[in-house]
Amino acid sequence: MDKSATRDDPFTPSVVVYDPQTIERKWQRIWQERGTNHTDLQRAQRPFYALMMFPYPSAEGLHVGNLFAFTGNDIYGRFQRLMGHNVFEPLGYDAFGIHSENYALKVGVHPMDLIPRNIANFQRQLESAGLMVDWRYTLATTDPNYYKWTQWLFLQLFEQGLAYRKKAAVNWCPSCKTVLANEQVVSGGFCERCGTEVEQRLLEQWFFRISDYAPRLLENLDHIDWSETTKTAQRNWIGRSEGAELEFETKKVTGEECEIRVFTTRPDTIFGATYMVLAPEHPLVESLTTAKEKKKVEAYRERTTKQDLVARKTSIDKTGVFTGSYAINPATEKEIPIWISDYVLMEYGTGAIMGVPGHDQRDFDFARKFDLPIVRVVCGERDDANTPLAEAFTQCESGTLVNSGIFDGYDVEAGKKAIVEFLSKAGSAKPVVHYRLHDWCISRQRYWGPPIPIIYCDDCGTVPVPEKDLPVVLPFIPDFKPDDSGVSPLARHEEWYRVACPKCGKTGRRETDVSDNFLDNSWYFLRYPSVGHDDVPFEEKVTKKWLPVTSYIGGNEHAVLHLLYSRFITMALHDAGQLAFEEPFTRFRAHGHIIREGAKMSKTQGNIVNPDEYIEHWGADAFRSYLMFLGPYEQGGDFRDASISGTRRFLDRLFASVQTMSSEGTPDHTVMRKLHQTIRKVSEDIPRLSYNTAIASMMEYINVLRKGERTPHRDEVLPVITLVAPFAPHIAEELWEQTGGTGSVFDSAWPSFDPALAKEDTIELVVQVNGKVRGRIHVAPDITEAAAVVAALAEPAVSKFVGGTPKKVVFVPGRLLNIVA
RNA sequence: GCGGAAGUGGCGGAAUUGGUAGACGCGCUGGACUUAGGAUCCAGUGGAGCAAUCCGUGGGGGUUCGAGUCCCCCCUUUCGCACCA
C-alpha cells in the first residue's frame with residue numbers, strides 16, 4: 001500500500017488524492033451539461049414525487065437548517081432513483097410575505113429588486129450543495145405567472161361560497177399606522193418596531209370556510225401515512241369537542257324576551273351554573289345592560305377593544321362587569337346574573353358561557369373575585385354534597401352528581417346524556433359537536449403579496465375579477481411604507497385602485513388587501529409539474545401522473561397551518577371537480593432541527609453556520625454527510641465543528657480504498673459477509689430516514705475493509721460507491737467513473753442484497769445466570785436449547801454461578817440463554 | 001395551564017419486537033511512520049478495583065428469568081398553543 005496517498009503530500013503527484021473542491025465543481029458542471037437531474041415528466045414509468053418544503057429566500061442567504069432539510073429529502077430522492085423510480089425533486093421559493101417587506105423597509109431596497117437578488121444567491125448555494133433538483137421546474141410565488149393562479153384559487157373558493165367577508169379584530173399600531181402580525185407584538189402588547197402600545201381594530205376581512213371541512217380534515221388523518229407527531233398536532237388544532245348547546249331565558253331592558261345560547265362540554269353541571277358570562281363583543285350585551293350599569297359596561301368594552309389580541313389572551317387576572325340583567329337557569333329555574341368578561345371569547349362556541357364555578361377553574365377564579373355563589377354539583381369518591389370546594393373539582397371519571405334534583409346519583413357521563421335529553425324536551429338544549437378550528441383569515445393589510453382579485457362597485461357590490469383579467473398585477477410602488485392615512489399601501493395608488501367594474505363598467509374600487517402567505521404555499525406542489533403550462537394552474541395529464549405527492553418532508557413548525565391549509569385547498573379543489581384526489585401528501589415526515597453546541601442558532605448569538613464556508617473547507621459531500629450523521633433526522637441534532645472531520649475522514653478512506661484496491665485473487669469471505677450486512681442495513685435505514693445509523697454502518701464497513709492495513713479487493717469496494725451515493729453524490733460519481741462505470745451512478749442500480757452471503761456461520765450466544773451476563777459462547781446459529789445449556793455449563797465462568805440443576809432455562813434462539821439457578 | 005418530543009460515557013449519539021447497554025463519530029491515551037505533525041496508519045478508551053467482581057441509561061417504586069425499552073409516582077430540558085367553555 002502506498003502510504004504517501006494523503007492529501008497533504010505535495011511530493012507524490014502521481015497518486016490521485018481526494019480533492020472535493022475539484023471533484024464537486026466537475027460533477028456539478030457535468031450534471032448540468034448532461035441534464036442528469038432532469039426528469040422526463042411525460043415519459044416517466046415509475047413516477048416518484050419527492051417534495052421538500054420550499055424556502056423563503058432571505059437576504060442572509062441559505063441557512064444551514066434549510067440545507068439539513070433539503071439534504072434529507074435529496075438522499076431519499078436519490079435512493080428512490082437508484083431503486084428504479086423516476087424521481088422528481090423540484091425546488092422553488094416562497095418569496096412573498098412580511099419578512100421581505102420588513103427587511104426591504106429596513107435597508108431601503110424595494111422587494112421587487114431584493115427578491116430576485118436573494119433568489120440568485122440561494123440558487124448558487126443550493127447548487128453547490130449538490131441537490132438533485134430539476135431546476136427547469138422551479139417557481140417563485142412572487143412571479144405574476146404563479147400568483148395569477150393563486151388569485152384564480154381565490155376565485156374558485158369564492159364561487160364555491162367558501163370565501164366570505166366579515167369583521168375581525170387586528171393588532172393596530174397607532175404610531176406606525178399599520179396592522180401588526182401577532183409575532184410583531186412584543187412583551188405583552190407593544191409594537192416591535194416603535195414600542196407603542198398596540199390596539200385592537202375591527203376591519204372587514206376575507207375568510208375561507210375551512211371550519212366547514214373540520215370533520216373531514218380530522219377523519220382523513222386516520223388514513224394518511226404521516227408522522228404521528230404531525231397528525232397529533234393537527235388533531236389538537238382541529239379540536240373536536242362533544243357537548244351541548246343550552247338556552248337561557250332572559251329579558252332585555254326593553255322587556256322583550258330573548259335567549260342566550262351557550263356551548264358547554266359539561267351539561268351535567270348545569271345545576272351549578274350560578275351566573276352567565278358574555279364576551280364583551282357579544283351582540284346582546286347592549287340590550288341587556290341596564291341604565292344603571294351602562295357606564296361601567298361601556299368603559300369595560302372600550303378597554304377590551306383597546307387591548308391588543310395577545311395581551312387579552314395572555315392576562316391571567318380575571319376582570320369583568322355586571323350587566324344588570326338576569327337569566328333563568330333552566331334546571332334550577334333560579335335567576336342568575338349576567339356578566340361580561342374578556343375571558344370569554346367571541347370566536348369560540350357561542351361567545352357566551354354558563355359559569356359553573358364549582359367545576360371549572362376559570363369560572364371558579366371569576367366567582368371568587370366577584371363574590372358569586374359556588375355550588376358543588378359533582379363529588380368524587382371521597383366527598384359528599386356538602387364537602388367545601390377549595391378549587392374547582394374538574395375530575396369526571398369518578399364523579400357523581402349531587403345537588404342536581406332528580407339527577408342526583410348519576411355519574412358524570414350518564415348525567416350529561418340525561419340532562420341534555422331532559423332539557424331538549426323543553427327545547428332548551430341540543431347535543432352539538434364543536435370544533436376549535438376557526439375560519440382562515442386571508443386578508444393582509446400589506447403591500448408584498450398577491451392582490452385579492454375583487455372589485456367593489458357601488459351598483460353591483462362585490463364583483464370577482466374575471467379570470468381573463470388575471471393576474472391582478474401588484475404594482476411597483478416605490479414608497480410602500482404605511483403613512484398617516486392609515487389605508488393599505490395599494491389604496492394610495494389611484495390609477496391602480498380605481499378600476500372599471502367588470503359587470504357594469506362604472507368606476508369601482510379594487511380590494512386593497514393582499515392575501516396571506518399561507519395561500520401562496522397551500523398549492524405550490526400542484527404547480528411544479530405544470531411549470532411552463534401558462535394557460536392552466538395545473539395541467540390535467542401531468543397532474544394525474546405525478547400527484548398526489550409521493551413523499552413530503554418538512555419541518556414540524558408547519559404541522560398545523562401550512563399542512564392543514566394545503567389539505568383544505570386540495571379538498572376544496574377536489575370538490576370543485578378540479579382534482580381527482582382529496583389528500584395532497586400521501587406520505588409526510590417531519591424532520592428535526594439542528595442546534596449548535598447545545599444552543600439555538602441565532603444572529604444575536606452569532607453562532608450561525610454559514611454553509612458556504614463549510615462547503616468550501618470540507619466539501620459538500622462531507623458537509624452533507626455530517627449534517628445527516630449528527631443526529632436522527634426526525635429529531636435534529638447538535639452541530640459541532642469538531643466532528644465534521646469524522647465524516648470527511650470516512651470519505652477520504654473510501655476514496656483511498658478505491659485507489660489502492662486490487663482485482664487479483666478473490667474477495668475475503670468475512671469482508672463480503674459484512675458488505676452484505678451493510679447493504680441490508682443501509683437499504684433498511686434510508687426509507688426510515690435513519691440516516692445517521694446508515695452512515696455509521698458504512699463507516700463500520702470501511703473499518704472492516706481496511707482493518708490491519710489490508711489491501712481491499714475490488715469486489716469488496718465497488719458496491720460501497722453506490723451505497724454512499726445518496727449521501728455523497730459527487731465523490732460517488734467520481735469513483736464510479738474511475739472504476740469504469742458508464743453514465744451516472746444514479747442511473748445504475750442499487751446493490752443487491754444476498755441473504756446467504758450475509759448469514760453468520762457461528763453466532764455469539766450470550767449466557768446469563770439469573771439474568772446476569774456470565775459468558776458468551778460461539779455456536780452454530782441453529783443450536784438447540786439442550787446443546788446450548790451443555791456448552792454453557794462447560795464454561796467455568798458460567799458453571800461457578802450454577803449450583804445444582806437449573807430451576808428454569810430461558811432460551812432465545814440465536815441470541816441468549818438464561819439459566820435460572 | 002394544555003399538548004408534543006426528549007433525558008444514556010468527557011461530547012454528538014446507537015440499541016427495529018422486553019434479550020450482550022454504550023454501535024459509529026468526536027475527543028482523549030499509547031504506539032508506528034516522520035526533520036516535524038494540528039497529516040496518515042495501528043491499538044486502547046463507561047466508572048471503581050491488582051484481580052475475581054461490583055456499580056452503571058434523570059430520581060423513586062413495580063411487573064418479569066431478564067427493563068434504556070412495559071406500568072405507577074416525581075424531577076428536569078425543550079418545542080408548539082395560550083382562558084377553547
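Which residue of β26 stands opposite Asp225? The points below work towards the answer and beyond it.

1. This is a predicted model, in which local features need pLDDT of at least 70 and side-chain atom pairs count only at pLDDT 80 or more, while totals for chains, interfaces and linings use all residues. Residues are numbered from 1 along each chain as its sequence is written, chains are lettered from A and ligands numbered from 1 in the order in which they are written, and side-chain values use heavy atoms, with hydrogens and water left out.

2. An open sheet of 5 strands runs in the order β2-β1-β25-β26-β8 with parallel pairing, where strands are DSSP runs of E of at least two residues, helices are runs of H or I of at least four, both numbered from the N terminus, and two strands pair if DSSP finds at least two bridges between them. Its edge strands, each pairing on one side only, are β2 (86-88) and β8 (225-226). Strand β8 runs parallel to β26 (residues 587-591) and is joined to it by 2 bridges; the residue opposite Asp225 is Arg587.

3. Helix α2 (residues 64-82) lies across β1 (47-52), β2, β25 (551-555) and β26, and runs at about 170° to β1; axes here are lines fitted to C-alpha atoms, for helices over the stretch in contact, and angles run from 0 to 180 degrees between N-to-C directions.

4. His591, placed in strand β26, counts as buried at 7% relative accessibility, where buried means under 20% relative accessible area, exposed over 50% and partly exposed in between, with a 1.4 Å probe and protein chains only. A polar atom of the His591 side chain lies 3.3 Å from the backbone nitrogen of Gly555. Leaving aside residues up to four places away in sequence, His591 touches several residues, among them Phe68, Ile553 and Tyr633, contact being heavy atoms within 4.5 Å.

5. A further open sheet has 4 strands in the order β4-β3-β7-β18, with antiparallel pairing. Because β4 (178-180) and β18 (440-441) stand at the edges with a single partner strand each, one side of each is left without a neighbour in the sheet. Strand β3 (residues 163-173) pairs with β4 over 3 bridges in the antiparallel sense, and Asn171 stands opposite Leu180 in β4.

6. Helix α23 (residues 714-724) is largely enclosed by the rest of the structure, because 8 of its 11 residues are buried. The buried residues include Glu716, Pro719 and Val724, and what covers them includes α2, α20 (644-660) and α24 (729-738).

7. A search of the whole structure finds 0 disulfides, a disulfide being a pair of cysteine sulfur atoms within 2.5 Å. The sulfur of Cys457 has its closest cysteine sulfur in Cys504, at 3.6 Å, which is too far for a bond; Cys457 is buried, with a relative accessible area of 5%.

8. Side chains of opposite charge can pair when their charged atoms come close. The count comes to 39 salt bridges, each a side-chain nitrogen of Lys or Arg within 4 Å of a carboxyl oxygen of Asp or Glu. Arg446 and Glu101 form one of them, with the closest N and O atoms 3.7 Å apart; this pair links distant parts of the chain, 345 residues apart, with Arg446 in the loop between β19 (443-444) and β20 (454-457) and Glu101 in helix α3 (residues 98-107). Both Arg446 and Glu101 are buried. In the salt bridge between Arg527 and Asp534 (3.4 Å, N to O), Arg527 is buried at 4% relative accessibility, whereas Asp534 is partly exposed at 39%.

Key
Polar contact = N/O pair within 3.5 Å; in protein donor to acceptor, adjacent residues only side chain to side chain.
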